[in-house]
Amino acid sequence: MRQRLLTSTLTLLERRPGRRPTTAELADHTHVSIGTVYRYFADMDAIVEELRLAAVHDITATLASGIGRAMDQQPHTAMVTVVETLVSAFESHAPVLRASLEIGDHGFGDAWAEVEGPLLPLARVLPSRLRPDLDDQAIDELVFLTMGATASLCLRIALQRPRDADRTSLIAMAARMLLAAFESPPDSGAG
């Protein structure tokens, strides 16, 4: 029954993007009593949180696979692979991400930290390869900023892209923007 309620919630979220169903609507859609809903979940926030956790798990696995594919690619192709992978993962979980972003204390920031944590060792590979001149702390700082920028750019492409915007072009532009963060700063000439 628990899984049936989760599946029904997901169906309702997909049918009405940007609108979270009520527990009464869920009960009606699932053809159960409202008491049955409350037997398994305290409220709609708890249901969305469980769906969010499952989405985070899938996004993490998908992104790890994308980073793995990008390891041996040239820098621009590697960054496009990572951005494309994350945009696609966000798109596949769009209804849940939209619903979870509405929850004040369980927003995407928490979810991104859950995705980011296990990927930090992999996320250091490309910056370390592109910037061998940086020490470990500088690499960690670069990874910290670029992972946040990557999440933000990919979320915008996946969830907020204007109808007439070209997805492929946006992904390529995001990849170029992220790669710019890895460039060595020009010599200041001060001396």
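Let's start at Arg 124, which is found in the loop between helix H7 (108-123) and helix H8 (125-130). Helices here are DSSP runs of H or I with at least four residues, strands are runs of E with at least two, and both are numbered from the N terminus. This is a predicted model, where local features need pLDDT of at least 70, side-chain atom pairs count only at pLDDT 80 or more, and totals for chains, interfaces and linings use all residues. Residues are numbered from 1 along each chain as its sequence is written, and side-chain values use heavy atoms, with hydrogens and water left out.

Back to Arg 124. Is this residue buried or exposed? The cut-offs are under 20% relative accessible area for buried, over 50% for exposed, and in between for partly exposed, with a 1.4 Å probe and protein chains only.

What does Arg 124 touch, beyond its neighbours within four places in sequence? Asp 136, Ile 139, Asp 140 and Val 143. Contact means heavy atoms within 4.5 Å. Now take Arg 98. Arg 124 and Arg 98 are 26 residues apart in sequence, and their C-alpha atoms are 29 Å apart in space.

Next, the whole chain. It has 10 helices and 0 strands. Read along the sequence, the pattern is α-α-α-α-α-α-α-α-α-α. The C-alpha trace spans about 75 × 35 × 30 Å along its principal axes. Of the 191 residues, 41% are buried. Take the contacts with a separation of 6 or more: 67% of them come from residues 24 or more positions apart.

Now helix H1, residues 2-15. With 14 residues at 1.5 Å a residue, H1 should span 20 Å, and its end C-alpha atoms are 20 Å apart, so the two agree. The expected span is 1.5 Å times one less than the number of residues.

Which residues of H1 are buried? Leu 5, Leu 6, Ser 8, Thr 9, Leu 12 and Leu 13. They cover an arc of only 165° around the axis, which puts them on the same side of H1. That arc is taken from the directions from the helix axis to the C-beta atoms. Some background: an α-helix has 3.6 residues a turn, so residues three or four places apart point the same way. The face of H1 turned away from the buried side carries the exposed residues Gln 3 and Arg 15. And the cover over the buried residues of H1 includes H2, H3, helix H4 (44-70) and helix H6 (94-101).

Look at H2 against H1. The two pack at an angle of about 110°, with their axes 10 Å apart. Axes are lines fitted to C-alpha atoms, for helices over the stretch in contact, and angles run from 0 to 180 degrees between N-to-C directions. So H1 is roughly perpendicular to H2. That label covers 65 to 115 degrees; under 35 is roughly parallel, over 145 roughly antiparallel, and the rest oblique. On the H1 side, the contact is made by Arg 4, Leu 5, Ser 8, Thr 9, Thr 11, Leu 12 and Arg 15. On the H2 side, Glu 25, Leu 26, His 29 and Thr 30 take part.

Pick out Thr 30, in helix H2. Thr 30 counts as buried because its relative accessibility is 2%. Leaving out residues up to four places away in sequence, Thr 30 touches Arg 4, Leu 5 and Ser 8.

One step on is His 31, in the loop between helix H2 (23-30) and helix H3 (34-40). His 31 counts as exposed, because its relative accessibility is 71%. His 31 is not a glycine, yet has a positive phi of about 60°.

From H6, Ala 94, Leu 97, Arg 98 and Leu 101 make the contact; from H9, Leu 155, Ala 158 and Leu 159 do.

Also in H9 is Thr 150. Thr 150 is buried, because its relative accessible area is 9%. Not counting residues up to four places away in sequence, Thr 150 touches Leu 86 and Leu 178.

Last, H10. Its buried residues are Ile 171, Ala 174, Ala 175, Leu 178 and Leu 179. They cover an arc of only 135° around the axis, so they sit on the same side of H10. Those buried residues pack against helix H5 (75-92), H8 and H9.
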